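User: I am new to this structure. Could you show me how to read the places where its parts meet?

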Amino acid sequence: MELILFILFGAIAVGGAIMVVTRRHPMASALYLILTLFAVAALFALRQAHFLAAIQVIVYAGAVVVLFIFVIMLVNVPENKLPMERVTGMRLLGVVAAGLLILESAVLARKFAMPAGSTADAGSVQAVGRALFTDYLLAFEITSVLLLSAVIGAIALAKKKI
Amino acid sequence: MNPLFDIAVAVARVAVFFAFVFGLVVVMTWVERKGAAYIQDRRGPNRARILGLTLGGVFHPLADALKFLFKEDFIPDGAHRLFYQLAPMFALAPAIMTMAVVPFGPPVTIAGKTIALQIADLNVGILYLFAVSGMAVYGVVLAGWSSNSKYPLLGGLRSSAQMISYEVSMGLSVMGILMVFQSVRLSEIALGQGELLYGILPKWGVFVQPLGFVLFLTALYAEANRTPFDLPEGESELVAGYHLEYASFKFSMFMMAEYIHMVVGAAVVSTLFFGGWQFPYLADKGFAFPGGISVAVPAAAVLILRIGSFVGKTLFFCWLYVWVRWTVPRFRYDQVMRLGWKVMLPLSLLNIFVTGLVLLFIDKGGF
Amino acid sequence: MTIGVKKVARPEQMSFGESLYLLEIMKGLAVTMGHFLHNIAHNKEIPTIEYPEVRRTMPARFRGCHRLMKRPDGSPRCVACYMCATACPAKCITIVAGESPDPAVEKYPVRFDIDMLRCVFCGQCVEACPCDAIRMDTGWHTPPEDTREKLIYMIDKLLEK
Ligand code: SF4
Ligand code: SF4
């Protein structure tokens, strides 16, 4: 059962991701991105990481993609003016890079086997919180400082005089 | 246990809660119009009649539904056909999904099996709610963008900005509740509110988190696009905002989504801050008032009282939407943004901080 | 509820309590709830007029839809003098005169159209008419129609009312 669901959601995620880069209309790409993010969240949920799944949906699907769509709406390129892209060297390079990434993850997957059937507790709010504030405290704090500097930068850019 | 029984229970739960929410949606459309009329010294809807009976206009929702069904389903010329048709679904689906995690009664035992009166008791509870209700913004944005008309576009932009802004303070404002009750599960939060605070007050969310309650309620109104935050549809400047170009059943789907949001929002407020299905001073065995007086109540009556108390609270908050709508005028857009980012956000952070301090130093291990 | 004029003080600076909004919103809620309960309890006092069944009595000088008057024998009283068409500021009256079969009357209107979509209900036509042939005393607002043509009232319709 878990395997079937894994294959299903994995296929949706990969298919959605392919659609994101191949669709011509940016709005369609954005909607496929949401689909992909949902499928990834479902994969998290399958691994009992419910908290992560919820956060994935809240942050990425609920906020980040909304901002993408926001920009698409503001720019609002009429359909007949959308650029026609042809297969170029850039795209071929992209395909090569994707292949390398797949290879790499295959190698990594062979090296670090996932613990089979993680316990229901590992993905809970408490467990994630504890891990964040003990084992990964430094990384967590550095990330928050990074975000803070990004916020300050955004304010500095947006405000004419502070 | 027999799997058929489980399936039957699951279906029954979904059916009951669906019926409750949709029934309330229908009633709400009537209450909104009638309440508005009475608040404004008018009579309100009183025309639709069946067999000569008008009954104060209760048939109007029925008439509305019929009208929506039979109106022309119109797609404007310049609209993007696919996205235009997708938008109402994007609006309605998350609204329906949100109702899954609200507990509408205590767990009951039928045939030796404990059944939670809740569609799904997820262990991420409230986070699921935020995740799903955050999706609602897509319906609005897509509708605004795909209609290819300037008012809906402006409405869609406004509402996406507004919803994202208030989602932040909404999430942060319940953090205090989660800290006090040490859980994100709505069922456990509801359960935790059955205790007494200093032996007198029920330990309801409002009493332990008054600031959190005010912030959450405000953010909820902003999220549901209700007055005083209904700028996305602000009819005086945007005609009708994002659903301007929609007619017929698609329009009614937007309306339904809005009302479902209201109903579920009311249910969530009563669960988080007013004890959910907890009836004040009612324990499993009967009433236990402070001062040692206790009155025994049969178990069935306890159950009915508790579900009734949940329904009553939800109804009150549904009415509060209407009441506030016809009392408070709409904000200006910059005021909404200022309130969201400069008032609500710092206040909710402060609330978390103070709650943390209190929990840490004064009251270890919860109130 | 009686509508009265109330002077409200509008100080430049809001007091602390007011700037919190919540208190003021509560007060507002109390006011609206007052109206709500009052209207539920005194249902009869709601000033709404149930329009199609109950009508407001029109003032005597109300200018509604036009009508053309008739002589005792049923022919139009209008003598097709074009006074009304000339006086009309909206130029919405079209008259075509014809010779009347009645030897006592010189002319009569073969056509007499009023374009209700252009009429501004100023009453100049009524003032101008020398023989009181046109009046606006039907008490009717122009009823809605689904085509423009139906809103150009022909002589039959005008005589009917
Ligand atoms: S009421 Fe005024 S505008 Fe109308 S037909 Fe008479 S003169 Fe013309
Ligand atoms: S002014 Fe009177 S009589 Fe003369 S054309 Fe008009 S309606 Fe007829």
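Predicted model: local features only at pLDDT ≥ 70, side-chain atom pairs only at ≥ 80, totals over all residues.

User: What area is buried between chain A and chain B?

Analyst: The size of an interface is often given as the accessible area lost when the parts come together. Here the buried area (accessible area, 1.4 Å probe, lost on being put together and summed over both parts) is about 2,100 Å², with carbon and sulfur atoms giving 80% of that. On the side of chain A that touches chain B, α3(A) gives the most, with 16 residues. That side has 20 nonpolar residues, 5 polar and 1 charged; Ala, Val, Leu, Ile, Met, Phe, Trp, Tyr, Cys and Pro count as nonpolar, Asp, Glu, Lys and Arg as charged, and the others, Gly among them, as polar. Helices are DSSP runs of H or I, at least four residues, numbered from the N terminus.

User: How many salt bridges are there between chain A and chain B?

Analyst: A salt bridge is a side-chain nitrogen of Lys or Arg within 4 Å of a carboxyl oxygen of Asp or Glu. Between chain A and chain B the count is 0.

User: How many does the rule find across the interface of chain B and chain C?

Analyst: The rule finds 1 salt bridge there. Arg43(B) pairs with Glu50(C), and their closest N and O atoms are 3.1 Å apart. Together with Tyr38(B) and Asp41(B), Arg43(B) supplies 41% of the area that chain B buries against chain C, more than any other three residues. The whole buried area between chain B and chain C is about 1,600 Å², and carbon and sulfur atoms give 61% of it. By class, the side of chain B that touches chain C has 8 nonpolar, 3 polar and 4 charged residues.

User: At what angle do the axes of α4 and α5 of chain B cross?

Analyst: Axes are lines fitted to C-alpha atoms, for helices over the stretch in contact, with angles from 0 to 180 degrees between N-to-C directions. The axes of α4 (residues 125-146) and α5 (residues 150-181) of chain B come within 8 Å and cross at roughly 170 degrees. α4(B) and α5(B) are therefore roughly antiparallel, a label for angles over 145 degrees.

Key. Residues numbered from 1 in each chain as written. Chains lettered and ligands numbered in written order. Heavy atoms only, no water. Buried area = accessible area lost by both parts, 1.4 Å probe. Helix = DSSP H or I, 4+ residues; strand = E, 2+ residues; numbered from the N terminus. Parallel < 35°, antiparallel > 145°, perpendicular 65-115°, else oblique.
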